[in-house]
Amino acid sequence: MSSTALSQISMPFLMGNSLNAWSEALVGFNILGLPLGLVILAAIPLVFIALYSLTYGVYGERKISAFMQDRLGPMEVGKWGILQTIADILKLLQKEDIVPSSADKFLFVIGPGILFVGSFLAYAVLPFSSAFIGASLNVGLFYAIGIVALEVVGILAAGWGSNNKWSLYGAVRSVAQIVSYEIPAAIALLCGAMMAGTLDMQQISVLQSGSWGFAHFFLFKTPIAWLPFLIYFIASLAEVNRAPFDIPEAESELVAGYFTEYTGMKFAVIFLAEYGSMFMVSAIISVVFLGGWNSPLPNLGAIALNDWTNGPVWGAFWIISKGFFFIFVQMWLRWTLPRLRVDQLMYLCWKVLTPFAFVSFVLTAIWEVYVP
Amino acid sequence: MQELDTAGLGSVRVTRKNDNVVVIEKDLATEQMVLAMGPQHPSTHGVLKLECLTDGEVITEAVPYLGYLHRCFEKCCENVDYPAIVPYTDRLDYLSGMNSEFSYALAVEKLLDIEIPRRVEFIRVIVAELNRIASHLVAIGTYGIDLGAFTPFLFCFRDREIILGLLEWASGARMLYNYIWIGGLAYDVPSDFLKRVREFVTYFRPKAVELCNLLTENEIFVKRTRGIGLMPAGVAINYGWSGPMLRGSGVKWDLRRNDPYSVYPELDFNVPVPDGKLSDVGDCLSRHLVRAWEMDESLKIIEQCIDKMPSAEGFNPRSAIPKRIRPKAGEVYARAENPRGELGFYIQSDGKSTKPLRCKARSSCFVNLSAMKDLSKGQLIPDLVAIIGSIDIVLGEVDR
């Protein structure tokens with residue numbers, strides 16, 4: 001039984017160009033009636049989040065910020081400080097897990113959990129490669145937009161449960177911010193969905209493949225696509241609480257916002273959720289506007305760069321690279337810009353981004369209907 | 001301006017002039033909350049505690065609580081000899097120790113009525129102006145952090161590090177110098193010191209421009225500071241403000257010009273005040289701009305001092321230092337322009353003792369901070385942070 005399963009799983013690696021070949025093989029992979037494949041399927045994004053947060057998220061950000069600020073960054077633990085994150089994790093593990101005596105214990109404990117679940121669930125519809133997606137839903141994009149709203153519950157639980165005025169301020173601000181910014185973000189993504197004619201993330205990616213590489217990406221397909229692209233990028237910064245919209249955790253105003261009272265591993269989980277969301281929004285913008293797992297290189301006559309750099313493994317490389325690029329831009333902005341005030345943030349959302357999102361929505365619709 | 005009506009507890013209305021954002025909360029019954037900001041809060045610049053009465057995010061009242069860093073400076077002074085007070089003055093405003101020492105030395109020298117060698121005066125001005133730049137760099141950098149921009153802070157500290165290195169080279173200490181003594185200096189400057197200072201001046205000019213591009217001309221930064229914490233010139237004078245705070249309100253008042261001491265009358269420099277083009281006169285951005293412009297003026301002063309300075313031949317920095325300081329009975333008040341405003345020392349001598357009968361420091365930070373109640377009324381919490389940052393307090397000097 002297991003040998004057939006193994007052959008099933010090794011098949012797509014050998015052959016595999018068909019859509020979702022790896023994930024479908026995993027779904028069918030059972031041992032003694034236990035759906036082990038499903039567990040592995042879910043574990044892959046989890047492992048990815050953990051690994052990327054450790055390497056690129058924490059160490060990379062520290063090094064990038066150090067580079068921008070004329071510093072060296074971590075240099076002590078290991079060569080170039082490579083092991084610094086491991087040391088930090090060990091430190092976090094040893095920390096006492098404090099629950100403030102006046103906190104609402106249930107909400108305080110469950111808050112980071114919900115936060116992480118909300119961030120992690122969205123990975124289900126993220127096409128990591130042409131052959132791998134957690135769940136190929138036909139409403140994938142809609143699901144991804146919707147499930148992120150679960151984070152709001154976690155933030156509110158954490159902020160309210162902490163029973164700290166600063167945490168409460170942070171939580172309330174955060175909820176207002178995330179809920180507001182979902183509107184321009186969703187409308188901007190709808191423009192992409194309109195161009196594709198589907199909400200299936202895998203199909204959206206497929207529609208952007210072609211021998212001219214980047215020229216097939218939705219961003220370059222219409223002359224107006226840059227507008228929803230920009231709107232979604234700005235809105236996504238606010239949705240994941242990154243600078244210049246890091247108002248909920250504005251350390252100079254609100255100490256640390258909704259996670260002021262958290263220590264040890266709960267603190268680490270909140271950060272893991274944040275890094276998870278960072279990659280998630282970066283991957284969504286890559287899928288909808290920049291071709292997802294498609295190679296951006298064009299075929300130049302006999303030099304078939306596009307053909308050489310496409311395929312399931314290359315696909316994983318491309319989408320992760322694109323996601324990392326946007327995370328780099330997020331970090332870049334964070335270490336450059338000051339923070340907006342909370343009412344300016346709302347002004348930007350409701351009076352600037354939302355109207356422009358509608359404009360881009362209408363323009364995209366007109367383009368899709370009247371321009372062949 | 002702000003228009004605040006908290007009589008009915010339910011109706012709070014805040015409108016802002018010169019700002020496209022208007023916050024209006026009308027007839028929305030909300031409960032007022034007491035929010036203790038500090039002394040452990042990250043943006044109260046030390047151990048200041050502000051007790052804020054808030055309605056939502058709008059502050060109806062903010063009262064500063066002081067004294068967390070009180071070290072009985074004035075009582076200590078009554079128990080030590082005059083020269084032994086110099087190290088204490090370093091610890092008042094620990095970001096500009098040289099300026100504090102300078103001010104104290106001026107006071108005692110006025111009391112003793114002694115003549116200071118010319119080279120000593122120039123060296124004092126150079127180190128004081130270097131320290132002024134270092135202090136403004138901290139003010140600007142931490143102000144950036146208050147508003148969420150982290151990188152300018154590190155750029156500022158990178159350049160401040162060079163100044164601290166220079167001052168360490170001259171005095172042996174990085175912050176608490178004990179360098180300017182009554183009647184002279186602890187040491188002459190090292191032989192290559194002036195050359196290095198000149199190198200720093202040429203190095204720093206483009207860096208100051210870079211800092212401006214990164215922070216002062218940043219759209220978000222301007223949005224956060226322009227029109228916030230407005231202080232009209234008349235009210236500022238009534239509060240007794242001084243230094244960049246007063247100049248930020250448009251009053252051209254600089255003790256180096258208006259009550260000149262040391263060699264400042266010989267030097268050519270401007271007293272920058274905002275003209276209302278880049279900022280609204282009297283707001284947080286004006287105060288920030290004044291500090292940024294002043295760094296440039298300090299560079300000018302330093303260059304002129306290096307050019308005009310008498311040579312080191314036969315120079316003894318301690319030649320005019322009295323062997324035993326026992327002033328005649330009397331009292332004196334001397335003041336000097338510190339990076340944060342007027343730092344004055346009032347010293348009383350009974351004519352018999354080598355210790356002052358009374359030594360009072362008039363601290364600029366304390367006076368500037370006293371306007372907090374007026375400034376914070378009707379502001380949002382993020383604006384309160386911007387206002388505290390623009391006051392640029394050093395709690396060491398506030399509490400003494």
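**Entry 1: a serine in a loop**

I began with B:S279 and skipped its neighbours within four places in sequence; the residues in contact with B:S279 are then B:R226, B:P274, B:L285, B:S286 and B:L289. Two residues are in contact if their C-beta atoms, placed from the backbone, lie within 7 Å.

A note on the model before going on: it is predicted, and local features need pLDDT of at least 70, side-chain atom pairs count only at pLDDT 80 or more, while totals for chains, interfaces and linings use all residues. Residues are numbered from 1 along each chain as its sequence is written, and chains are lettered from A and ligands numbered from 1 in the order in which they are written.

Where does B:S279 sit in chain B? I found B:S279 in the loop between α10 (255-258) and α11 (284-308). Helices (H or I, at least four residues) and strands (E, at least two) are DSSP runs, numbered from the N terminus.

Is B:S279 buried or exposed? B:S279 is buried, because 23 other C-beta atoms lie within 10 Å. The cut-offs are 20 or more other C-beta atoms within 10 Å of its own for buried, 12 or fewer for exposed, and partly exposed in between, with C-beta atoms placed from the backbone.

I also looked up B:F221, which is 58 residues from B:S279 along the chain; their C-alpha atoms are separated by 12 Å.

**Entry 2: a glycine in that loop**

B:G282 also lies in the loop between α10 and α11 of chain B. I counted B:G282 as buried, because it has 24 C-beta neighbours inside 10 Å. Leaving out neighbours within four places in sequence, I listed B:L230, B:M231, B:P232, B:A233, B:G248, B:S249 and B:G250 as the contacts of B:G282. From B:G282 to B:V398 I read 116 residues along the chain and 22 Å between C-alpha atoms.

**Entry 3: chain B as a whole**

How many helices and strands are there in chain B? I noted 15 helices and 10 strands. Chain B is as compact as a globular protein of 400 residues, because its radius of gyration is 22 Å, close to the 21 Å from the globule rule. The radius is taken over C-alpha atoms, and the rule is 2.2 Å times the number of residues to the power 0.38.

Along the principal axes, the C-alpha atoms of chain B fill a box of roughly 75 × 50 × 35 Å. Of the 400 residues in chain B, 51% are buried. Among contacts in chain B with a separation of 6 or more, 69% join residues 24 or more positions apart.

**Entry 4: where chain B meets chain A**

I found 28 residues of chain B in contact with 24 residues of chain A. On the chain B side, at least two residues each come from β3 (32-37), α4 (118-146), α5 (151-171), α7 (219-225) and α14 (381-391). That side divides into 17 nonpolar, 6 polar and 5 charged residues. Here Ala, Val, Leu, Ile, Met, Phe, Trp, Tyr, Cys and Pro count as nonpolar, Asp, Glu, Lys and Arg as charged, and the others, Gly among them, as polar.

Next I looked at B:F150, in the loop between α4 and α5 of chain B. B:F150 is buried, because it has 20 other C-beta atoms within 10 Å. Beyond four places in sequence, B:F150 is in contact with A:W335 and B:I145.

**Entry 5: the largest nonpolar core**

Which residues of the largest nonpolar core touch the most other members? Of its 207 residues, they are A:L126, A:A188, A:A235, B:I126, B:V127 and B:L130. α4(B) gives the most to this core, with 15 residues. Such a core is a set of buried Ala, Val, Leu, Ile, Met, Phe, Trp, Tyr and Cys residues joined through C-beta atoms within 7 Å.

I then picked A:A188: apart from residues up to four places away in sequence, A:A188 touches A:P228, A:I231, A:Y232, A:A235, A:A357 and A:S360.

**Entry 6: confidence**

The model scores ipTM 0.76 and pTM 0.82. Chain B has a mean pLDDT of 84, with 92% of its residues at 70 or more; pLDDT is the predictor's confidence in each residue, from 0 to 100. Among the elements of chain B, α4(B) has the highest mean pLDDT (90) and strand β1 (residues 12-14) the lowest (50).

Over residues 1-12 of chain B, pLDDT stays under 50. Where pLDDT is low, the predicted coordinates should not be read in detail.
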